[in-house]
Amino acid sequence: MAEFLQHILNAIVLGGTYALLGIGLTLIFGIMKVVNFTHGELYSFGAYMIFMFSAMLGLNFFLAIILSMVLGVLLGGIIEFALLRPLRGANIDTTMLVMIGAWIVMQNLEQLSWGGVAKSINHPFPLDPLVIGEVSVSWIRVFVFFFAVILIIGSYYLINNTKLGKSMRATFQDRDIAALMGVNINRVYTATFALGSGLAATAGALLGPVFVVTPTMGDMAALKAFAIVILGGLGSIAGATIGGFILALAEEMGAGYISSGYRDAMGFILIILVLIFRPTGLFALKERYG
Amino acid sequence: MSRWISILWLAFLFSIPLWMIDLYVLHILINTGIFVIAAMSLNLLLGYTGQLSLGHVAFFGIGAYVSALVSLGFDLELTDTYTFVFDAKPVWIAFLSGIIAAGLFGWLIGRVAFKVRGAYFVIVTISFAEVVRLVSLNWIDLTEGPMALNNIQPFTLGIPNLWEMTLYQKIPNYYLVLVVAIVCYILIRRLVHSRIGRAMIGLRENEPLATSVGVNVTHYLVIATVISAAMAGAAGGLYTHYFRIIDPDIFLFIYTVTMVIMVVSGGKGTLAGPIVGGIIFGLLPEILREFAAPEMQWIIYGIAMILIVFFLPDGIVPALKNWWKNHRSKRTDSAEMDAGT
Amino acid sequence: MNRFKSIALVLAGTVVASVSFIATANETIKIGVSQPLTGAVAASGNYVTQGAQIAESFINDAGGVLGKKIELVIEDNKSNPKEAVATAEKLIIRDKVSVMMGAWSSTYTLAVMPKLMEYGVPMVVETSSSGKITTSGNPWIFRISPTSQMEAKSFGTKVDQFKIKKADFIVVNNDWGRGASEAFQEVLKAKGISVGTVETMDAKATDLSAQLAKIKSSGGDTLFVTSGVEQITLVLKQMKEQRLNHQVITTGGSSSPDQLISQAGAAAEGSNHLLFFAPWFPESAPNPSVATKFVNEWNKRGHNFAGLTEGFRGHDGIMTIAAGIKAAGKNDSKAIQQALWDVKVKGVNGNIEFIKQGPAGKESAQNVPNVYVVTIKDGKIALP
């Protein structure tokens with residue numbers, strides 16, 4: 001029983017950051033129709049930034065998280081402006097290839113500037129875990145979880161209650177009509193990509209201190225984010241949030257009770273099952289011909 | 001005229017081993033050739049039906065694994081008392097088995113994945129490739145997982161004295177890859193000019209229209225996937241018996257990326273595109289190796305990808321075709337003007 | 001038609017370009033090195049390469065070999081078996097090296113091995129641990145690193161001091177982790193110690209909480225960890241989070257305890273590590289002067305101290321090769337292969353000499369290296 005509860009607790013804590021990764025990607029995916037392969041690199045970028053600010057420059061830990069977030073937003077904006085804006089109207093595989101190229105370049109720039117050796121970041125939380133009955137969880141993970149939840153709620157509010165969010169939703173529904181109605185599509189796109197990238201960078205900045213930071217850390221994160229997006233449906237924040245928790249739960253239970261070797265297959269097996277039995281997706285807003 | 005150039009081009013390819021003393025170049029050409037075959041097969045799907053599969057390496061890897069396993073033989077403990085023993089078979093049977101297995105898998109994936117399109121299809125195909133990779137990694141009784149299947153027989157059999165056999169190994173392998181590539185090329189050319197091919201292109205151009213005139217969409221997409229998967233399986237079989245080792249890294253995403261960039265840079269939906277793109281992106285890493293630091297090689301590779309997509313979004317072959325057309329029409333224009341004076 | 005012309009042009013151009021790259025004859029003796037310098041295991045490959053470069057300058061400062069300087073030709077195998085084959089082809093054919101060192105992971109080494117047979121070039125294997133490498137009948141293999149079995153056997157002589165009753169395993173899901181778990185289980189079972197749960201983790205996995213929760217419920221008292229230092233760090237930190245109080249023993253020699261202390265902090269306290277070189281105590285190595293000289297040079301070059309436990313492999317590999325060339329009396333693959341069988345090298349790990357392994361008539365060479373155990377005590381490395 002203790003093991004089962006521990007798996008559940010782990011899944012909830014992990015699900016928060018998965019959701020954060022998924023939301024960023026699902027917005028970009030849904031609104032811009034871009035298969036964003038740089039998402040994982042934004043994640044590792046955020047982790048390296050908090051390493052630089054917190055571990056190297058000795059800034060306050062929380063300030064370092066905020067700075068990483070801001071820089072992630074900026075970098076996302078730059079990528080959109082430099083690589084995606086000139087390709088507006090190009091088909092999905094063209095932009096995807098550019099994103100793959102950018103991913104390869106960014107990952108190797110990271111190795112060039114930081115080296116391949118893993119970096120570790122100290123955090124101000126106590127090492128001894130928070131103990132609840134028979135289960136335990138570290139304080140840093142508790143912090144990461146709540147920070148992620150706040151960001152998820154914030155994104156939800158942004159999309160549903162602001163003018164920018166309204167433009168984004170309109171663009172998601174129908175780009176051409178939104179443009180006719182006076183929505184500045186370019187601005188919406190840049191904002192979407194910057195926001196999504198910022199969320200990925202924040203996930204990296206939050207998890208960097210929990211784990212270790214390496215140039216290839218983003219690969220796995222990107223794959224998981226893709227799985228979450230498919231589970232949750234394109235462009236749906238609620239879907240991505242639930243998708244993140246489902247994936248975390250499937251992985252924990254899969255590793256705990258089936259085989260740890262197949263832990264990372266769980267997300268993909270879920271996708272395939274969803275497709276066979278419910279091709280419209282768990283929480284699809286639109287039919288799956290994105 | 002066109003026929004003569006084809007013949008000259010083929011003669012050139014066939015003559016390479018006769019004058020190319022540097023075996024390293026031959027190795028690069030074999031390696032490139034294997035990936036050109038894979039890229040041609042991907043082109044059938046990506047270029048002619050417009051479906052971007054990012055799991056193509058799964059077919060490649062399945063062809064490779066099945067071919068390796070059939071040629072090595074294996075035994076599977078199905079129950080405690082019954083063990084299924086599969087004896088080693090000759091390499092050519094193994095090679096064919098790999099092609100058939102990849103084709104069957106293509107059929108399976110086609111049935112499931114074509115329920116969705118676009119970005120969803122992309123992710124679903126990635127998922128398939130990842131699941132297959134993780135199965136190959138964890139089904140240790142069959143695949144030896146990360147311990148790799150090694151000592152796979154090469155294609156050339158014969159002289160028991162290993163030293164002499166290996167000495168002549170590259171040249172027959174080169175011809176083998178070349179012949180398989182030519183067969184695939186001819187098959188694809190016949191296919192796209194057939195009724196099936198026209199239906200596929202119709203799908204790419206306008207799926208709703210094609211559906212409305214009675215084209216059975218899924219049917220044709222599945223046919224294309226099966227053929228494409230079988231060819232990728234053939235490339236995998238060539239890989240496995242040339243490199244003679246196979247491990248779950250065969251399913252690395254970067255191989256799919258390599259195939260896609262070969263098709264797109266060369267020109268998707270053109271017959272020569274994957275060949276041109278394949279040669280460029282097959283040779284580029286080897287040329288970079290000579291003068292760039294390891295990370296820089298990758299960075300240049302990535303930048304080359306971005307630049308090609310940016311400036312030649314349709315690929316090199318269509319761009320050259322247009323240039324040639326303009327060039328010619330200009331020449332005829334000026335010729336007419338000359339005649340007028 | 002025009003497309004064929006364009007293809008022909010492109011191909012002809014690239015072939016001409018490639019041919020012109022052929023290296024010209026050189027005054028130095030070239031030694032090929034294939035290591036993962038980019039990709040998943042780049043950190044380790046770079047350490048080994050740094051160690052190899054130190055050996056290169058030691059040898060050249062002492063006048064080189066056969067009156068010539070040696071020159072390392074270092075190629076990146078990109079953490080990928082296909083690329084490992086490409087590096088071997090390039091080193092042997094293009095750079096015309098007579099002997100190689102490589103290729104870190106067992107998979108890369110296994111991939112290169114048919115090439116050694118094909119061209120008849122010996123290779124000193126500095127890191128790989130898979131038993132297959134020396135038992136598959138490749139007479140061009142000279143391995144200085146221990147197999148997992150050798151490491152486990154050596155650990156077997158020290159096992160009593162750990163007072164293990166039931167052991168659990170968490171290993172990286174590759175040949176190295178799987179091999180180690182099998183070999184150590186065998187040794188433990190022979191000693192009457194029971195084995196609980198065996199968990200694997202993907203080489204890139206960072207969240208290991210599921211595996212650890214399962215281990216916690218198995219009721220063992222000792223956890224064997226086999227992976228790179230990054231994942232060991234994660235295992236230690238997350239054990240602490242889940243209040244998993246197993247005694248920890250890491251195997252494989254890649255644990256780099258200094259990095260663990262700086263990165264896992266208090267979580268690393270009390271963990272034990274099997275190593276093939278203990279750079280904190282070079283004076284107690286079998287060849288103190290060799291070890292001290294190497295450690296000093298490593299520090300002088302400003303390399304990461306934590307990398308020494310990997311870097312020494314490169315040093316010992318190149319020293320072995322240089323001794324082989326010297327004994328052969330000429331820079332010739334066949335002669336070096338024969339000579340390597342009889343070399344005796346004072347390496348950082350210990351004395352390197354080869355015994356025969358594998359099928360009769362085409363045996364591979366295997367060195368029997370030393371294995372050390374260190375413990376992290378009060379934030380410092382100590383001999384237990």
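A salt bridge here is a side-chain nitrogen of Lys or Arg within 4 Å of a carboxyl oxygen of Asp or Glu. The model is predicted, so local features need pLDDT of at least 70 and side-chain atom pairs count only at pLDDT 80 or more, while totals for chains, interfaces and linings use all residues. Residues are numbered from 1 along each chain as its sequence is written, chains are lettered from A and ligands numbered from 1 in the order in which they are written, and side-chain values use heavy atoms, with hydrogens and water left out.

**Stop 1: chain C**

Select Lys90(C) and Asp95(C). They form a salt bridge whose closest N and O atoms are 2.9 Å apart. Both residues are buried (under 20% relative accessible area, 1.4 Å probe, protein chains only). Over all chains, the structure holds 31 salt bridges.

**Stop 2: from chain B to chain C**

Select Arg133(B) and Asp202(C), which meet in a salt bridge at 3.8 Å, N to O. Arg133(B) lies in helix 5 of chain B and Asp202(C) in the loop between strand 7 (194-201) and helix 8 (209-216) of chain C, so this pair joins two chains. Helices (H or I, at least four residues) and strands (E, at least two) are DSSP runs, numbered from the N terminus. Arg133(B) and Asp202(C) are both buried.

**Stop 3: within chain A**

Glu251(A) and Arg263(A) pair in a salt bridge at 3.7 Å, N to O. Glu251(A) is in helix 10 (residues 237-258) and Arg263(A) in the loop between helix 10 and helix 11 (266-277), 12 residues apart. Glu251(A) counts as buried because its relative accessibility is 1%; Arg263(A), at 3%, is buried as well.

**Stop 4: chain B against chain A**

Show both chains and select the residues in contact (heavy atoms within 4.5 Å): 40 from chain B and 43 from chain A. The two chains bury about 3800 Å² between them, 82% of it on carbon and sulfur atoms; buried area is the accessible area (1.4 Å probe) lost on putting two parts together, summed over both. Tyr120(B), Ile123(B) and Phe310(B) supply 18% of the area that chain B buries here, more than any other three residues.

Finally, colour helix 5 (118-138), helix 12 (253-266) and helix 14 (294-311) of chain B, the elements that give two or more residues to the side touching chain A. Helix 5 gives the most, with 14 residues.

Notes
Buried < 20%, exposed > 50% of the residue type's maximum accessible area, 1.4 Å probe, protein only.
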